[in-house]
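Visitor: I am new to this structure and would like to learn how to read it. Please take me through some of its features.

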Amino acid sequence: MGDKKDILAYAIENFTKFGSKRFSMDELAKNLGISKKTLYKHFNSKEKLVKESLGYYLDNIRANVDNYMLENPNEDQPLTTVIFIYKQGLITFQEINPAFLHGLHKYYPKAYEVYAQVKKDIVWNIVCPLLKKAQELGQVRNNVNVELVCTLFLSRMEETVYSKANLFDEYSIHELLDHIIINNLRGILTLEYLQKSPLQ
């Protein structure tokens, strides 16, 4: 199992489960049944491995969003796409040990920058234009500052979901999506659109 993609997939599975600091290169090599020399042939430092494995993980998430948008253009219902994106986000945060993101920020700033950049890209290059489109379609009220909406709650979801250790144990993804995202979106909708389509 010395293929680079296999290493990235196995590494990120363990980093997100145990935290990037706690899962060592020695453990990784041993569990994969490869030598440390083989591992270091692909990655000359642990930070490089953490950064690349996170990039691999995030690329898969982004591809999932891109594929959904390709197959479901939702031209008249851009908010449906916004809800799909945040549902994927919640599923991802449920899979990740909060210690992983905290550890990235503290020990592997270059890797954390990869995460921050992907999050920024999704919020500002996908979600924000979708909300503006919904505003043009008369679904979001004209007096709503879409950029401010993105700044205040759409770009800070992990702070909410990780505010309590067992949030995912106590509530379903559907309940969290409804209370963190959908209820906030309902608050910016026009009355006419709300009566027609209350959002699901």
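Guide: Start with Glu 158, which is buried, with a relative accessible area of 10%. Buried means under 20% relative accessible area, exposed over 50%, and partly exposed in between (1.4 Å probe, protein chains only). This is a predicted model, in which local features need pLDDT of at least 70 and side-chain atom pairs count only at pLDDT 80 or more, while totals for chains, interfaces and linings use all residues. Residues are numbered from 1 along each chain as its sequence is written, and side-chain values use heavy atoms, with hydrogens and water left out.

Visitor: With which residue does Glu 158 form a salt bridge?

Guide: A salt bridge is a side-chain nitrogen of Lys or Arg within 4 Å of a carboxyl oxygen of Asp or Glu. Here the partner of Glu 158 is Lys 119, and their closest N and O atoms are 2.8 Å apart. Lys 119 lies in helix α7 and Glu 158 in helix α9, so the pair ties together parts that are 39 residues apart in sequence. Helices are DSSP runs (H or I, at least four residues), numbered from the N terminus. Lys 119 counts as partly exposed because its relative accessibility is 24%.

Visitor: How many salt bridges does a search of the whole structure find?

Guide: The search finds 10. Among them, Glu 147 and Lys 132 meet at 2.8 Å, N to O. This pair links helix α8, which holds Glu 147, to helix α7, which holds Lys 132, across 15 residues.

Visitor: What span does helix α7 reach from its first C-alpha to its last?

Guide: The expected span of a helix is 1.5 Å times one less than its number of residues. Helix α7 covers residues 109-136, 28 residues in total, and reaches 39 Å, close to the 40 Å expected. A kink of about 30° lies at Val 127, shortly before Pro 129; the bend at a residue is the angle between axes fitted to the seven residues ending there and the seven starting there. Buried residues of α7 include Tyr 115, Ile 122 and Leu 130.

Visitor: Where is Asn 74 found, and what is its phi?

Guide: Most residues other than glycine have a negative phi. Asn 74, in the loop between α4 and α5, has a positive phi near 45°. Asn 74 counts as partly exposed because its relative accessibility is 22%.

Conventions. Helix = DSSP H or I, 4+ residues; strand = E, 2+ residues; numbered from the N terminus.
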